[in-house]
Amino acid sequence: MADLRSQLVTRVRGMLSEALGATRTRLAGAETELTAARERLVRVRRAAAAVPQRVGAERDRRLAEIDDRHAARIAELARRAATAALREAPGAASASWTDWRAAPAGRGEPVGPVRVGTLRIAGAEPVPALVPLLDAGHVHLSGGDRDGADAVVGALLLRGVGRADPGAVRLYGYDPEHLGGGLAGFAPLGTAGLLTFVGPGGLGRLLDDLVEQIRRINETVLAGEYASLRELAAATGRRPEPWRVAVLLGGDELSRHERGQLDRVVRAGAACGVHLVVRGIPLPEDPTVTRIVAEPGDARVGAPPGLPVRLDPPPPATLVTETCREIASRVNAGPPPTPFTDLLPPPEQMWKEDSAHGLTAPIGEGPHGRPVLLTLGDYPPHALIGGPSGTGKTNLIFAWIGALAARYSPAELEFYLLDFKEGVSFARFAQGRRDPSWLPHMRLVGINVNTDREFGLALLRFLAEELRRRADAAKKHEVTKLAELRAVDPTGHWPRIVAVVDEFQALLAGRDVVAREAADLLEDLARRGRSQGIHLVLASQDVRGIEALWGRPALVAQFTLRIALPKALRILAERNDAAQALPRHHAVVNAESGMTEGNQVARIPSASDWETWSELQHRLWRMRPQDAAPARLFDGDAVPRLVDAPDYRALTPQGDTPPPRGPVALLGEIIDVQARSASLRLPRAPGRNLAVLGTRVDEACAVLDAAARSLARQHRPGTARFSIACLDPDADPAARALYEDLADDAAWYDEETVPELMAETAETLGRPGTPSTPHYLLLFAVDAAAGRLAAPAGGRSGLEQLRRILHDGPERRTHVLAWWRGIARMRVDLGGPAARTDQIGAWVALDVQGAELGSSLYPGTGGPDWYPRPWRGLFFDRAVHRTGQVIIPYGPSP
Ligand SMILES: Nc1ncnc2c1ncn2[C@@H]1O[C@H](COP(=O)(O)OP(=O)(O)OP(=O)(O)O)[C@@H](O)[C@H]1O
């Protein structure tokens, strides 16, 4: 039992010792862990004690970094804002007063806001504080800093005025407390009507007027097409209305009506360029109102609380007055011309129009910026232009011709132009020495024709002939109008013709045959030309010109298109005085025969200066068809040359047997449209001799010279005789030059030998049969030989032989072309005052009065209407003429 017990004890003991051992081991482990934990605790405690110190440092570092970044950002933003502000408000809108000057925004460029000060931003560069006004809205000022507010008003107005074209801003001042004193510097604008002061009781009227302007602009200018003038300007590049800025500086409480009107202006003004700058009168809330509160030391701009702003000083008083004076003088001098290119289509559109139904082209800009059109067609068919000298008639004609020529090709439109005033400006339409180009539509340019009214007549006759040709063609095709003719004859050449006659009254002056025929032709052309596409444009600076027409109401009635330049009289209808108030470079265009309701005012661009015109002409000239010929230039001051005359060039030697109609002697250039030559046929028929009458040596020699040379051109060498007798030493050089050029066909006679010529020629005529060689006797100053010829030689005197030659010669191919220095002298040579003159079948009168040519030399009584003038002659051939024909002798041959 004990054993069992001891065994038990031993086992228990063993177990206990085992447990103890394990416990001890665990205890040791626990103690180690405890030590480690304690050490960790110490470490942690130590570490924990260091944390707040580190975190604070980091936070401070971060804060400093943010501050730096913030400051840099603000500086950067301020810099960008300043740059943007400069872009938005360049030049006059923001420049500092020290170097400020007026500088209008470019065409189509918005005027933008203007600077009133700088934003107050600490540590950043100054950023301009901009306030929108023109085309944008209204400005309301309040606060106790009166000077600051005055400075803002001055800045807004001066910058606004300087940023717009001169005259494009109109100011209205209402300053009942200081009676305009606040705007005194701007007073010079008043001289140009750009500043109007409204008296203390006038606010209501001013507001009524502004509201009315807004209504009108909305209705007639924007007309539903544009939302604002700003939009219109951006789309068209034009600004048809000025900006109207009303500056309202305090006053009494507004009446109900005034308040209502003010509200209307605030709401609707900005779109119509009507703006308010107001102090001391409340303005309603509206997005277009910028509010500026100026308190001493604290100014703010924009919706409350507003941006803090440092206001600029006011513009220096001298700068304001000088600028306003300059603007006023520019406006008083008239608006700058609009560019001529405004009248032209873009180059790719040139010559694209069809003239079948009429010709339409703009002539200038109307008050609303729209082009004013001129039309010529069935209605209105013809135009009358009037304006005193220097008002721009010539320029207007250039502008109109240019606008038409750029639209219609030469196949659609032809011009004929005649200028009865002194000057050569129209010569540039034709080819010149300086400029080889010409206007391809121009068929004829007549300049320096003031003494050659016949040229005007020639043009009218030419047009009358063209009218007949058109009327015949129309009849053949059974149509009545040009448009119809063109439709049935699409390959025909039926351009519309515009004939411009400047100072046309010259043509109608006097009571002679020229004036009568011209008036008749004009009337016929005016009446029937309309349907055949022939349009007349008559211009005159002189009221007498118009009066010359007024005597013919039927003629005037056809000129339904009237164009009156400033101060033109009697162009418009009687009670229509619109032209009297026209500014420079404007015209009243009226297609209703001048009745007031047809008035349209157009601003005419400058078209006539050399460069402007040349640019267009060169462009059109380069577009010309290959076979285009230059316009005929008739210059009344120029002397034509025989060698250039088309009729002379066309002459060729005849065969051995001359044609029965005989050769022709060319005597000079006819005053006509085609530069034809006056020609005298010399068939074998009685009377085919020529007398040149008058004392002018050069002209007489020129006529005989041209006659001889043209005859010589029709005969082969050796087949004609030219006997030249020169009896006036002054004529010697010319006669001798002719003699030398005719070489072997010519023989020379002088005072000594001329009787031999007469005797020999007369003797030849006595022989039977017709001589086969034509013989031309060219007798220079034949009357000087009268003494010699009076002496009998053989059976008869030289004079008798001369009479015989004159009488019998032509039928036997012997013709006398003789110059007598007076009609009486010729009569003496022909046998005395009562002698017959029918052997003188043709004559050219130089300085011989028409009356002297009466009776036997000219049909009817009293002689032709002929007033001698230098380098002109009157040619009459009784075989073909009813009336005399003015000729220009050809200049000396080279
Ligand atoms: N619309 C215009 N814009 C700018 N300048 C113009 C305009 N019209 C005319 N001028 C200028 O005015 C001057 C006179 O014009 P123009 O010669 O056309 O007048 P006019 O009435 O034909 O005078 P005149 O009959 O004496 O010749 C010219 O120097 C011309 O360049």
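1. How many bridges join strand 31 to strand 32, and do these strands run parallel or antiparallel? In this predicted model, strand 31 (residues 842-845) and strand 32 run antiparallel and are joined by four bridges. Within this pairing, alanine 845 has leucine 874 of strand 32 as its bridge partner.

2. Strand 32 also pairs with strand 33 (residues 885-888), in the antiparallel sense and over three bridges, and here the bridge partner of phenylalanine 875 is glutamine 885 in strand 33. Strand 32 (residues 873-877) is mostly covered, with five of its five residues buried. In a regular strand the side chains alternate between the two faces of the sheet. Accordingly, Gly873, Phe875 and Asp877 point one way from strand 32, while Leu874 and Phe876 point the other way, and all are buried.

3. The largest nonpolar core holds 175 residues, of which Leu667, Leu693, Leu704, Ala707, Phe780 and Val844 touch the most other members. Helix 16 (residues 697-713) supplies the largest share of this core, 11 residues, and the core draws at least three residues from each of domain 3 (378-569 + 600-624) and domain 4 (642-888).

4. Leucine 667 deserves a separate look. Leaving aside residues up to four places away in sequence, leucine 667 touches Ala678, Leu680, Val703, Ala706, Ala707, Val844, Phe875 and Ile887. Among these contacts is Phe875, which is one of the buried residues of strand 32.

5. Glycine 446 takes part in both pairings, being the bridge partner of leucine 418 and having phenylalanine 634 in strand 21 as its own bridge partner.

6. Which residues are the closest to the ligand? They are Ser389, Gly392, Thr394, Asn395 and Ser606, out of 16 residues that surround the ligand.

Notes. Residues are numbered from 1 along each chain as its sequence is written. This is a predicted model: local features need pLDDT of at least 70, side-chain atom pairs count only at pLDDT 80 or more; totals for chains, interfaces and linings use all residues. A residue is near a molecule or strand if its C-beta atom, placed from the backbone, lies within 6 Å of it. Two strands pair if DSSP finds at least two bridges between them. Helices (H or I, at least four residues) and strands (E, at least two) are DSSP runs, numbered from the N terminus. A nonpolar core is a set of buried Ala, Val, Leu, Ile, Met, Phe, Trp, Tyr and Cys residues joined through C-beta atoms within 7 Å. A residue is buried if 20 or more other C-beta atoms lie within 10 Å of its own, exposed if 12 or fewer, and partly exposed in between; C-beta atoms are placed from the backbone. Domain bounds come from an automatic or database domain assignment. Two residues are in contact if their C-beta atoms, placed from the backbone, lie within 7 Å.
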